[in-house]
Structures are given as structure tokens and as C-alpha cells.
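Please read it alongside the sequence and structure shown here.

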Amino acid sequence: MQLEDVSEKGNKLSLTVKGTPLSLANAIRRYSMNHVPIMAIDKVVMYENSSPVFDEYIAHRIGMLPLKTPKGLPASTEVSFVLDAQGPKAIYSEDLKSSDAGIAVAELRIPIVTLTEGQSVRLEGKAVLGTGRKHAKFQAGLAAYEEKEDGTLLMKVESFFNMGPKELLIRGCKVLEDDLEELSGELGALSGKKKKAKKAKKEEAEAPAEEKKPKKPRAKKAKKEEKKEE
């Protein structure tokens with residue numbers, strides 16, 4: 001695989017890939033979009049909401065906010081986000097306060113709801129790790145490729161600000177690599193079991209047969225021999 005013309009600007013990345021089959025490029029694309037774990041607010045407890053917007057609508061908007069996701073987070077990671085705001089004012093994503101400074105809202109000026117005089121919203125959300133296979137809010141970005149006439153691939157990646165686009169592609173490749181190693185190990189173990197079974201059958205077939213015990217003479221024959229001796 002050879003990478004050329006790598007260009008990263010903001011949350012977008014483009015590069016030319018040579019010497020890569022379409023199947024591998026498609027696997028990288030799918031893993032980058034659907035298998036990279038990111039943080040997102042999954043549950044919201046609404047303590048107070050006198051705004052003109054339903055609780056479920058506010059919870060949905062908060063759940064779709066992109067959160068900064070450092071690499072190497074344990075699967076059990078949980079972070080609390082608190083919102084306590086009174087009108088009149090417009091509520092933006094920056095008004096959500098995180099219990100972990102490293103895991104915070106990635107974009108600060110995403111509108112949530114507008115409050116008028118006397119209106120307020122007070123809630124708490126819990127962010128967890130997930131992947132795009134579970135829900136769109138856990139999707140870290142988009143990835144696509146285009147095959148040129150000379151066989152090269154033009155790949156484009158756009159992150160949703162949870163991380164940079166280059167980091168998104170790297171993490172997608174790492175998850176793909178880990179899954180392939182796991183599959184290889186399982187196939188190797190399965191192949192080893194089959195080889196042991198074949199070896200055992202072969203040894204059993206090649207083992208010398210047990211010597212046959214001599215048959216006991218019949219009773220009549222034994223009586224004849226006794227008479228001759230007399």
C-alpha cells in the first residue's frame with residue numbers, strides 16, 4: 001500500500017492510495033465509520049423543563065452532540081454531563097458541563113433550545129462508549145473512496161469532531177487489524193484441533209493389532225486325545 005497527496009484540513013482528509021484491492025479499501029471505510037468506539041450521551045434524566053420543547057426532543061439533540069473521545073478508553077467508561085440554565089437565553093452545547101475535562105463537547109456553538117423569561121432546563125446526561133453499529137450518535141465520521149482509471153483510489157474522510165480525520169482512519173485500521181488477528185488465531189486453533197484429530201486416527205490405524213488368543217479345543221476333541229493316552 002502506498003499513500004500519496006495526503007491533505008488534511010479541519011475535519012476533512014483526502015489521500016491517494018495505490019496498490020490496494022477494493023475489498024481492503026472498503027473494509028477500512030466500513031470500520032472507520034462503524035467500528036471505532038466513541039463517547040456519546042446515551043441516557044438523560046430531566047429534572048426540570050419549562051421550555052416549549054418536549055423532554056424527548058432535548059434528550060435527542062443532546063445525544064447527537066459530538067464528544068471528544070481520547071483513544072484507549074476502557075469499555076466501561078462513563079462520564080456525566082450537567083445542564084442548568086435559565087432564560088432568557090439561547091442554550092448551546094458549551095453550556096453542558098462534563099465531569100471529565102478530557103471528554104467534553106467537541107463543538108461549542110451547537111444550538112439546543114432557546115429559553116424566554118421564566119423558562120429553565122435542568123438535566124443530567126450519562127455518556128458511554130459505543131460504535132456506529134449500535135446508533136448514529138456513536139458514528140465517528142464518514143469515509144468514501146473513488147476508483148480512478150489507472151487503478152488508484154481517491155479516499156476521503158470526514159470526522160464528526162470526536163477526533164481528527166487522520167486519527168479516525170488510524171483507529172479504524174487498528175480495529176480492523178485486531179479483528180483479523182483474532183480471526184487468524186481462531187482459525188489457527190481450529191486447524192490445530194483438526195490436525196490432532198487426524199494424527200490420532202492415523203496412529204490408531206498404524207498401531208499393531210493385538211495377538212489373537214489361541215482357540216480352546218472343543219470338548220469332543222479333548223476326549224479323543226484322552227483316550228489315545230490311555
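## Pairing around strand 8

Strand 4 (residues 78-86) pairs with strand 8 in the antiparallel sense over 9 bridges; strands are DSSP runs (E, at least two residues) numbered from the N terminus, and two of them pair if DSSP finds at least two bridges between them. Within strand 8, Val121 stands opposite Ala85. The model is predicted: local features need pLDDT of at least 70, side-chain atom pairs count only at pLDDT 80 or more, and totals for chains, interfaces and linings use all residues. Residues are numbered from 1 along each chain as its sequence is written, and side-chain values use heavy atoms, with hydrogens and water left out.

Strand 3 (residues 38-49) is also antiparallel to strand 8, joined by 10 bridges. Lys43 stands opposite Lys126 of strand 8. Strand 8 (residues 120-130) is largely enclosed by the rest of the structure, because 8 of its 11 residues are buried (under 20% relative accessible area, with a 1.4 Å probe and protein chains only; exposed is over 50%, partly exposed in between).

## Thr16 in strand 2

Thr16 lies in strand 2 (residues 12-18). Its relative accessible area is 15%, and Thr16 is therefore buried. Beyond neighbours within four places in sequence, Thr16 is in contact (heavy atoms within 4.5 Å) with Gln2, Leu3, Glu4, Asp5, Thr152, Leu153 and Leu154.

## Val6 in strand 1

Val6 belongs to strand 1 (residues 2-9). Val6 counts as partly exposed because its relative accessibility is 46%.

Conventions. Helix = DSSP H or I, 4+ residues; strand = E, 2+ residues; numbered from the N terminus.
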